[in-house]
Amino acid sequence: VDTKSGRRFSPIQRVRLAKLGINPESKPDDLTDEEKRRFARLDIDPSTITWRRVVDINDRFLRGITVGQGPKEKGRTRETGFDIAVASEIMAVLALCTSLADMRERFGKMVVAQSKSGDAV
């Protein structure tokens, strides 16, 4: 967020800073190069992605697929599949949340993968 007094982090960015163990009251210009790298990069390990793609139909042939086989994928293939939309974790949150703030908090707690260092993303 750009203000007259200088650049500042938005509330959601401050939550991410706190999760990373970085002082959430820091200004963007005060972060070290290592803190900037940790803040800006998720460093996801593709083999640990827990969320599968979701479609609004039930097709048995899509339950298990291999992605990344195209010529521009540079050999980054992985096994995954599709779930039906009503069975997704996001749909459960949408059904259970009581407010926008509650929804944001629940979405913020979801783990979608692990970083290459083993941290939850």
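Aspartate 43 and arginine 41 join their side chains in a salt bridge, with 3.6 Å from N to O. In this predicted model, that pair belongs to a set of five salt bridges. There is also one aromatic pair to look at, and aspartate 43 turns up again among the contacts of serine 115.

**Salt bridges**

- Aspartate 43 is partly exposed, at 23% relative accessibility; the cut-off for buried is under 20%.
- Another of the bridges links the side chains of aspartate 29 and arginine 7, again at 3.6 Å from N to O.
- Because aspartate 29 sits in the loop between H1 and H2 while arginine 7 belongs to strand S2, this bridge ties together parts that are 22 residues apart in sequence.
- Aspartate 29 counts as exposed, with a relative accessibility of 58%, whereas arginine 7 is partly exposed at 45%.
- A further bridge brings together the side chains of aspartate 102 and arginine 106, at 3.1 Å from N to O.
- Both aspartate 102 and arginine 106 are part of helix H4, which covers residues 100–109, and they stand four residues apart, about one turn of the helix.
- Aspartate 102 is buried, having a relative accessible area of 15%, while arginine 106 is partly exposed at 34%.
- As a general point, side chains of opposite charge can pair when their charged atoms come close.

**The aromatic pair**

- For phenylalanine 9 and phenylalanine 39, the ring centres are 5.3 Å apart and the planes meet at 65°, so the pair is edge-to-face; the label applies to angles over 60 degrees.
- Phenylalanine 9 is found in the loop between strand S2 (6–7) and helix H1 (11–19), and phenylalanine 39 in helix H2 (residues 33–40), so the pair ties together parts that are 30 residues apart in sequence.
- Are these two phenylalanines buried or exposed? Phenylalanine 9 and phenylalanine 39 are both buried.

- Serine 115 lies in the segment after H4.
- At 7% relative accessibility, serine 115 is buried.
- Which residues is serine 115 in contact with, leaving aside its neighbours within four places in sequence? They are Leu42, Asp43, Ile44, Asp45 and Val121.

Key. Residues are numbered from 1 along each chain as its sequence is written. This is a predicted model: local features need pLDDT of at least 70, side-chain atom pairs count only at pLDDT 80 or more; totals for chains, interfaces and linings use all residues. Side-chain values use heavy atoms; hydrogens and water are left out. Rings of Phe, Tyr and Trp (its six-membered ring) pair if their centres lie within 6.5 Å; planes under 30 degrees apart count as stacked, over 60 as edge-to-face and the rest as tilted. Helices (H or I, at least four residues) and strands (E, at least two) are DSSP runs, numbered from the N terminus. Buried means under 20% relative accessible area, exposed over 50%, partly exposed in between (1.4 Å probe, protein chains only). A salt bridge is a side-chain nitrogen of Lys or Arg within 4 Å of a carboxyl oxygen of Asp or Glu. Contact means heavy atoms within 4.5 Å.
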